[in-house]
Amino acid sequence: MLKKLFLVLIAFSFVNVSFAQYKSRDEIPLKYKWDIHLLYKTNTEWQKDYNRLSKMADKLKTYEGKLSSDSKTFLSALSLYSDLMKGYYKLSDYAQRLYDQDLRVSANQQLVEQSEALGTKISESTSFIRPEILKIPSERIHQFFDEQPKLADFDFFVEDIQRLKAHTLGDKEEKILASAQMLANSPSTIHGIFENAEKPFPEVKLSNGKIVELNSSAYVQYRTVKNRKDRAKIFKAFFNNYKRFQNTLGAILAAKVKIDYFFAKNRKYKTALAYSLDKNNIPVKVYTNLIKQMNKNIPTLQRMLKLMKRMLGVDTLHYYDLYMPIVKHVDMKFTVDEGQKIILKTLKPMGPEYLNTVKRAFNERWVDYYPTPGKRSGAYSSGAAYDYHPFILMNWHGDYNSLSTLIHEMGHTMHSYFSNKYQPFIKSDYPIFVAEIASTCNESLLNNYLVQHAKTDKEKLFLLGSYLELLRTTIFRQTSFAEFEWEIHKRIENKQPLTGGIMSKIYWKIVTKYYGNTPDVCIVDPYIAYEWAYIPHFVDYSYYVYQYATSLIYATAFAQKIITEGKPAVEKYYNILKGGSSDYPINLIKKAGINPLSSEAFDLTMKRMNNVMDQIENILNKKK
Ligand SMILES: [Zn+2]
């Protein structure tokens, strides 16, 4: 219920603080630091608000058991709930932002802990709301809405709860399901302990004589080692270690799949996929269409693999080469002021309303730019303070990554700002399924702008290559994972056996379909069949990774439409930016001009990907 807090989206850029331009926050000019005290002038003011909200939570609790009594009570309870949540988001926004400025300040940490404790209290005192609304007969709900016009703002909130009626059981059964929830995380817990603490790691002797113990972080470090023989060795040892434990790891994952099906079945869903997607009211066809469309476009992936083979200068591309950067890093340098100018030029097609808001973000201290000792690493945008404006945390390093991170977070910020501005509080919080569209659409526009204005072919190649990598790893790799998840769930749902060995066979079939496994495309070595066991998402969050692929595909398509069609496309796109959670995510995307059930977004994205490859090939051919 405290959803908005999780919408703090983090895109890690791992900036080393030792590169910091400033030694302390005090040295940084005000205009490069966010103005958190806009929310509360002092901590004393914050404490006062804390007490006020704590009392509000007590008051809300007194409505328990009374929501169905009459329309007036219903309205006052929901209004109080909305005010409480709005106040709480602001309160915790201040504490968290202040803390992130310098994690070493214990006074700020105390504020965070205090606000978390209030969050727990609020969760408890509001936990009756959803189950009670669910129980009210829909005719009675209609009557309430007729009697109280002020309830209009809550229409979607209430409808979204009531639509789950068909999947809600009697009190007794609900109690059993709730206690079964206690067992649901066991596979993830067992997997975490085995994978991180108890699984033995293989040792590999590299060509320079160094012996490496291959734990997960060593694998990530050494999979891009220059010596190709070493790379092959690293991959072979790392994934064959998963083969050793495939029965155990397979049993853990199968248990997770069975638990998914247990809850789905008992909640009267045909499949775990349908249950999982219904939380956001997303039709199963969105998922199956993703897999269908990407399968159709495997030739585009294989074209890229052939291009990678050429760019890496190898006779035969192997799966263990795929992490190697295909383009030389070009050091592009931008000051914050230069970065702001480029972002404003890039976003010009978005029209004056968008552009003026970005200018406000730059001029009115919405962004905290520089890394300083103790500051939280990475980057995020937080749009929690509904009556104010979002805040962006950056660790500006002055390179392409910094610039693209800033425009990404600015996308989140604009989405939050416009949703907060155009929607009542209760409808302002946008769902995860659309959350990465505004951000990655901006990244796509930036890359396009920089390529057009590149000074040298080297620079152009670097930009095109980085973008191409992003498309491959996010769109194709994540879709292949989504396909694997679906296949293993189908086996349990069709009452077929599912073991680690069977999972490896399923994974092998999918990975060789995508990557070809022929010398002219890419050789997939046999031990890659066990790669599924390395992906923690399958055990930790079922049916989650597909959203990485869908958001980037929709975002790329929106960017293409904005570039080619201009104003009419932008106007439609605002339906997402200003839409918050006023409608289901799929409807927002449709209103914005793309039907997720059609092939349009996929066609546009593949067109862009092929265009990027055309440009790379042109440069490479010139070089010859
Ligand atoms: Zn993001």
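Trainee: Which residues does Met-606 touch, not counting residues up to four places away in sequence?
Mentor: Bear in mind that this is a predicted model, with local features needing pLDDT of at least 70, side-chain atom pairs counting only at pLDDT 80 or more, and totals for chains, interfaces and linings using all residues. Residues are numbered from 1 along each chain as its sequence is written, and side-chain values use heavy atoms, leaving out hydrogens and water. Contact here means heavy atoms within 4.5 Å. On that basis, the residues touching Met-606 are Met-294, Asn-297, Thr-300, Ile-475 and Phe-476.

Trainee: At what angle do helix α14 and helix α27 pack?
Mentor: Two packed helices are described by the angle between their axes and the distance between the axes. Axes are lines fitted to C-alpha atoms, for helices over the stretch in contact, with angles running from 0 to 180 degrees between N-to-C directions. For α14 (residues 284-296) and α27 (residues 600-623), the axes are 10 Å apart and the angle is about 35°.

Trainee: Is that crossing left-handed or right-handed?
Mentor: Picture the near helix against the far one: turned anticlockwise by less than a right angle is left-handed, clockwise is right-handed. As α14 passes α27, the crossing is right-handed.

Trainee: Which residues in α27 are met by α14?
Mentor: From the α14 side come Asn-289, Leu-290, Gln-293, Met-294 and Lys-296. Our friend Met-606 is in the α27 set, which reads Phe-602, Asp-603 and Met-606.

Trainee: Where does Asn-281 lie, given its positive phi?
Mentor: Asn-281 has phi near 55°, a positive value in a residue other than glycine. With a relative accessible area of 25%, Asn-281 is partly exposed. Its spot is the loop between α13 (272-278) and α14.

Trainee: Tyr-543 has a positive phi as well; what is its relative accessible area?
Mentor: Phi of Tyr-543 is near 50°, and the residue lies in the loop between α23 (537-540) and α24 (546-565). Tyr-543 counts as buried because its relative accessible area is 4%.

Trainee: How far apart are the end C-alpha atoms of helix α21?
Mentor: The expected span of a helix is 1.5 Å times one less than its number of residues. With 37 residues (457-493), α21 should span 54 Å, which agrees with the model's end-to-end distance of 53 Å.

Trainee: How many of the residues of α21 are buried?
Mentor: The helix is followed by Lys-495, whose phi is positive, near 60°. As for α21 itself, it is largely enclosed by the rest of the structure, because the buried count out of 37 residues is 27.

Trainee: How many aromatic pairs are there?
Mentor: Rings of Phe, Tyr and Trp (its six-membered ring) pair if their centres lie within 6.5 Å; planes under 30 degrees apart count as stacked, over 60 as edge-to-face and the rest as tilted. By this rule the count is 43.

Trainee: What is the centre-to-centre value for Tyr-40 and Tyr-94?
Mentor: Those two form an edge-to-face pair, with 80° between the planes. The pair links distant parts of the chain, with Tyr-40 in the loop between β1 (9-10) and α2 (43-61) and Tyr-94 in helix α3 (residues 71-101), 54 residues apart. Tyr-40 and Tyr-94 are both buried, and their centre-to-centre value is 5.1 Å.

Trainee: Which ring has the charged end of Arg-223 over it?
Mentor: A charge sits over a ring if NZ of Lys or CZ of Arg is within 6 Å of the ring centre and within 35 degrees of the ring normal. Ring pairs link a cluster of Tyr-219, Phe-235, Phe-238, Phe-239, Tyr-242, Tyr-320, Tyr-323 and Tyr-534. The charged end of Arg-223 is 3.8 Å from the centre of one of those rings, Tyr-323.

Definitions and conventions: Helices (H or I, at least four residues) and strands (E, at least two) are DSSP runs, numbered from the N terminus. Buried means under 20% relative accessible area, exposed over 50%, partly exposed in between (1.4 Å probe, protein chains only).
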